[in-house]
Amino acid sequence: MLSAYVQPTAERYLSRLAGGLKEQGLKGSPYIMQSNCGVDSLESVSKIPITMVESGPASGFWGAAELGKLIGEPNVLALDIGGTTAKCSLIEDGEVKIKTDYWIERDRTSAGYPIMVPVVDLVEIGNGGGSIAWVDDFGKLHVGPQSAGAMPGPAAYGRGGTKATTTDANLWLGRINRDYFCGGEVIADMKATEAALAEVAGRLGVSVDEAARGIIRIANNNMVNALKLVSLNRGHDPRDFTLVVFGGGGAMHGVALGMELGVKKVVVPAGASVFSAWGMMMSDLRRDYFVTKLADLKKGAAESIEAVFAESEDRARAQFAAEGVDPSKIRFLRYGKFRYQNQEHTTEVLIEGGRITDGGLSDIEKAFHETYEREYTYRLDAPVEMVGIHLVASAEVGKLTMKKREPTGAKADVALKGHRDVDYALEGVKRAAIYDGTKLEPGMTFAGPAIVEDPGTTVVIHPENAVEIDGYGNIHIKLA
């Protein structure tokens with residue numbers, strides 16, 4: 001129903017997009033990003049446009065998975081902080097988790113609407129650069145989910161905004177350079193910023209500086225809780241993961257969040273502000289097939305389960321062949337949806353080892369028990385049954401090839417712009433070294449307190465953090 005509702009509008013838009021690109025000289029048909037972390041043909045997406053529902057965040061999380069493979073970090077906590085929201089997802093062994101029980105418009109007062117299509121498993125909260133700080137009737141400070149949006153935006157933009165936002169707090173505390181605001185394209189309105197923060201401070205009965213620190217700490221706390229929902233709450237230890245932060249605001253808060261969670265290290269990708277676009281360029285053609293199949297995991301069940309997978313694979317090959325995809329490039333991943341007998345919810349498990357046999361059912365059952373226990377902290381001595389299959393069919397359609405740059409031997413001093421006082425909220429005010437992100441090269445190292453200023457984002461590096469630039473231009477921050 002939801003897909004049918006948006007289909008006419010989406011089809012018109014995609015048709016105009018294809019026509020415009022053709023007029024500009026594009027010879028082939030464009031691929032469209034999907035919420036399952038893959039791309040699909042324009043024709044296919046036009047028929048079922050609801051598959052684009054979370055395509056933006058999906059591309060960023062897929063990019064984080066691909067980046068993790070490049071730098072040897074297959075276990076990644078990915079965090080995308082933009083202007084209005086923060087989104088996070090967990091990537092284990094290089095695989096982004098996909099689910100099919102995604103809901104939109106769901107909150108405390110509304111049941112929302114289910115979307116039964118594959119969507120990247122993410123948690124999204126109303127905390128971003130434009131999130132508004134406000135004080136409730138009991139004198140408690142909150143940040144978000146209300147946002148100043150693009151117009152008028154934070155008070156610092158000088159467009160008439162009067163509400164204090166996370167960006168205003170970062171600017172006031174010196175974390176953002178008032179003389180290099182928005183990459184030097186906007187003159188920071190410090191009077192409006194002070195007035196907005198003073199209103200919050202007055203309601204709290206504290207100084208403007210303390211109010212700004214409080215806004216940063218609460219915003220960070222909200223984001224930490226979101227990261228815990230995709231890690232600790234699902235049986236994963238953050239200490240086993242690398243935090244990859246991107247979006248315009250990811251690097252601003254990433255180190256503080258990583259220190260709170262105790263992750264291995266924090267990585268800020270090169271081009272962090274447009275990292276999701278890079279993720280799209282690294283995506284494969286992908287389609288997901290779901291078939292309901294009830295079967296107890298006991299002797300004799302393997303043949304019928306294998307038949308369902310084989311039939312779905314044949315269907316996928318036929319669809320790809322009709323679109324001219326080379327059969328040799330098609331790859332399959334098999335997942336099963338399992339549950340303890342008579343339970344309502346299911347747990348998805350990767351099925352490895354090729355053709356399913358009765359002898360392999362015990363391995364599948366063992367994998368289910370382990371996955372179930374990790375997510376729910378216990379396991380049952382009860383029969384296990386399959387509820388359905390999930391087949392992922394993908395084919396590489398061309399992606400970027402990343403090449404490392406050899407270190408020139410240059411020291412980080414060549415990128416040093418100067419020093420300024422920066423308020424780190426918890427660690428207090430420190431004299432921080434300011435680096436020009438466009439001049440950082442592979443092999444350069446330095447330590448915090450420091451700030452890296454890039455036209456698209458600002459990297460806040462806390463005291464005693466060790467920093468190294470890798471061969472791809474990514475910033476690796478080893479936490480104190």
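Reply: Let us begin with burial: buried means under 20% relative accessible area, exposed means over 50%, and partly exposed lies in between, with a 1.4 Å probe and protein chains only. Helices (H or I, at least four residues) and strands (E, at least two) are DSSP runs, numbered from the N terminus. This is a predicted model, in which local features need pLDDT of at least 70 and side-chain atom pairs count only at pLDDT 80 or more, whereas totals for chains, interfaces and linings use all residues. Residues are numbered from 1 along each chain as its sequence is written, and side-chain values use heavy atoms, with hydrogens and water left out.

Me: How many residues of strand S3 are buried?

Reply: In strand S3 (residues 76-81), 6 of the 6 residues are buried, so the strand is largely enclosed by the rest of the structure. Val76, Ala78 and Asp80 point one way from S3, while Leu77, Leu79 and Ile81 point the other way.

Me: Which strands pair with S3, and in what sense?

Reply: Two strands pair if DSSP finds at least two bridges between them. S3 and strand S4 (residues 86-92) pair in the antiparallel sense over 6 bridges, and the two form a hairpin with 4 residues between them. Within this pairing, leucine 79 has cysteine 88 of S4 as its bridge partner. Strand S13 (residues 242-246) runs parallel to S3 and is joined to it by 5 bridges; here leucine 77 stands opposite leucine 243.

Me: Which strand forms a hairpin with S11, and how many residues lie between them?

Reply: S11 and S12 form a hairpin with 5 residues between them, and glycine 139 in the turn has a positive phi of about 80°. Strand S11 (residues 131-135) pairs with strand S12 (residues 141-147) in the antiparallel sense over 4 bridges, with alanine 133 opposite valine 143. As 4 of the 5 residues of S11 are buried, this strand is largely enclosed by the rest of the structure.

Me: In what order do the strands of the open sheet lie?

Reply: The order is S19-S20-S22-S23, 4 strands in an open sheet with mixed pairing. S19 and strand S23 (458-461) are the edge strands, each pairing on one side only. Neighbouring strands of this sheet are turned by 25° against each other on average, direction ignored; for such angles, axes are lines fitted to C-alpha atoms (for helices over the stretch in contact), and angles run from 0 to 180 degrees between N-to-C directions. Within the sheet, strand S20 (residues 429-436) and strand S22 (residues 450-453) pair in the parallel sense over 4 bridges, and tyrosine 435 has valine 452 as its bridge partner in S22.

Me: Is histidine 253 buried or exposed, and which residues does histidine 253 contact?

Reply: Histidine 253 counts as buried because its relative accessibility is 3%. The residue is found in helix H7 (residues 250-261). Contact means heavy atoms within 4.5 Å. Leaving aside neighbours within four places in sequence, histidine 253 is in contact with Ile81, Thr166, Asn170, Ile216, Asn220 and Met223. The C-alpha atoms of histidine 253 and valine 460 are separated by 7.0 Å, although the two residues are 207 residues apart along the chain.

Me: How many salt bridges does a search of the whole structure find?

Reply: A salt bridge is a side-chain nitrogen of Lys or Arg within 4 Å of a carboxyl oxygen of Asp or Glu. The search finds 27 salt bridges. One of them joins glutamate 73 to lysine 264, with the closest N and O atoms 3.0 Å apart. This pair links distant parts of the chain, 191 residues apart: glutamate 73 lies in the loop between helix H3 (55-70) and S3, and lysine 264 in the loop between H7 and strand S14 (266-268). Glutamate 73 is buried, with a relative accessible area of 10%, whereas lysine 264 is partly exposed at 45%.

Me: Where do arginine 334 and glutamate 306 lie?

Reply: Arginine 334 is in strand S16 (residues 330-340) and glutamate 306 in helix H9 (residues 302-322), 28 residues apart. Their side chains meet in a salt bridge (2.8 Å, N to O), and both residues are buried. A further salt bridge joins arginine 317 and glutamate 313 (4.0 Å, N to O). Because these two are 4 residues apart in helix H9, arginine 317 and glutamate 313 are separated by about one helical turn. Salt bridges that share partners join Glu306, Glu313, Asp314, Arg317, Arg334 and Arg355 into one network.
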